[in-house]
Amino acid sequence: MDRETRLKRLRFRAWHRGTKEADLMIGGFFDAHGQSWSDVEILWFETFLEEQDVDIMAWAMGTQPVPPQFEGTVMAALQTLTYVPIAR
């Protein structure tokens, strides 16, 4: 599958998690960073999306430790939470 198709599929999966909170966090993160990812980072995100939303959100907010397989630069960017759109 070509890169653009993979990114389109990932964007859909990131924005259709099941809860509005997870959609905003995971989808917003993808929109902010996804286009600049390497193939390795895209593969990481594909694997990451298989995890439960409650776990992903807990790792991002720092309420649970991040499993070793998900530690790294992409997780560090996710943990900044600066990409979450908040209406003011």
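This report describes the fold, core and selected residues of a predicted model.

## Overall fold

The chain contains five helices and zero strands. Along the sequence the pattern reads α-α-α-α-α. The radius of gyration is 12 Å, close to the 12 Å that the globule rule gives for 88 residues, so the chain is as compact as a globular protein of that length. Taken along the principal axes, the box filled by the C-alpha atoms is roughly 35 × 35 × 20 Å.

Among contacts with a separation of 6 or more, 55% join residues 24 or more positions apart.

## Surface and charge

Of the 88 residues in the chain, 39% are buried.

The chain carries 9 positive and 13 negative charges.

## The nonpolar core

The largest nonpolar core has 25 residues, and the members that touch the most others are Phe29, Phe45, Phe48, Met75 and Leu78. Two or more residues come from each of α1 (3-15), α2, α3, α4 and α5. Helix α2 gives the largest share, five residues.

Leaving aside residues up to four places away in sequence, Met75 touches Trp44, Phe48, Trp59, Val66 and Phe70. One of these partners, Phe48, is itself listed with Met75 among the core members that touch the most others.

## Helix α4

Helix α4 spans residues 53-61, and its buried residues are Asp53, Ile56, Met57, Ala58, Trp59 and Ala60. The buried residues of this helix pack against α2 (20-33), α3 (39-48) and α5 (73-78). Trp59, buried in α4, is also a contact of Met75.

After α4 comes Gly62, which has a positive phi, near 80°.

## Arg6 in helix α1

Arg6 belongs to helix α1. Is this residue, at 18% relative accessibility, buried or exposed? Arg6 counts as buried, because its 18% relative accessibility falls under the 20% cut-off.

With residues up to four places away in sequence not counted, Arg6 touches Met1, Asp39, Ile42, Leu43 and Glu46. Asp and Glu count as negative and Arg as positive, and the partners of Arg6 include Asp39 and Glu46.

Terms used. Residues are numbered from 1 along each chain as its sequence is written. This is a predicted model: local features need pLDDT of at least 70, side-chain atom pairs count only at pLDDT 80 or more; totals for chains, interfaces and linings use all residues. Side-chain values use heavy atoms; hydrogens and water are left out. Helices (H or I, at least four residues) and strands (E, at least two) are DSSP runs, numbered from the N terminus. The radius of gyration is taken over C-alpha atoms; the globule rule is 2.2 Å times the number of residues to the power 0.38. Buried means under 20% relative accessible area, exposed over 50%, partly exposed in between (1.4 Å probe, protein chains only). Contact means heavy atoms within 4.5 Å. The place of a charge is taken as NZ of Lys, CZ of Arg, CG of Asp or CD of Glu. A nonpolar core is a set of buried Ala, Val, Leu, Ile, Met, Phe, Trp, Tyr and Cys residues joined through side-chain atoms within 4.5 Å.
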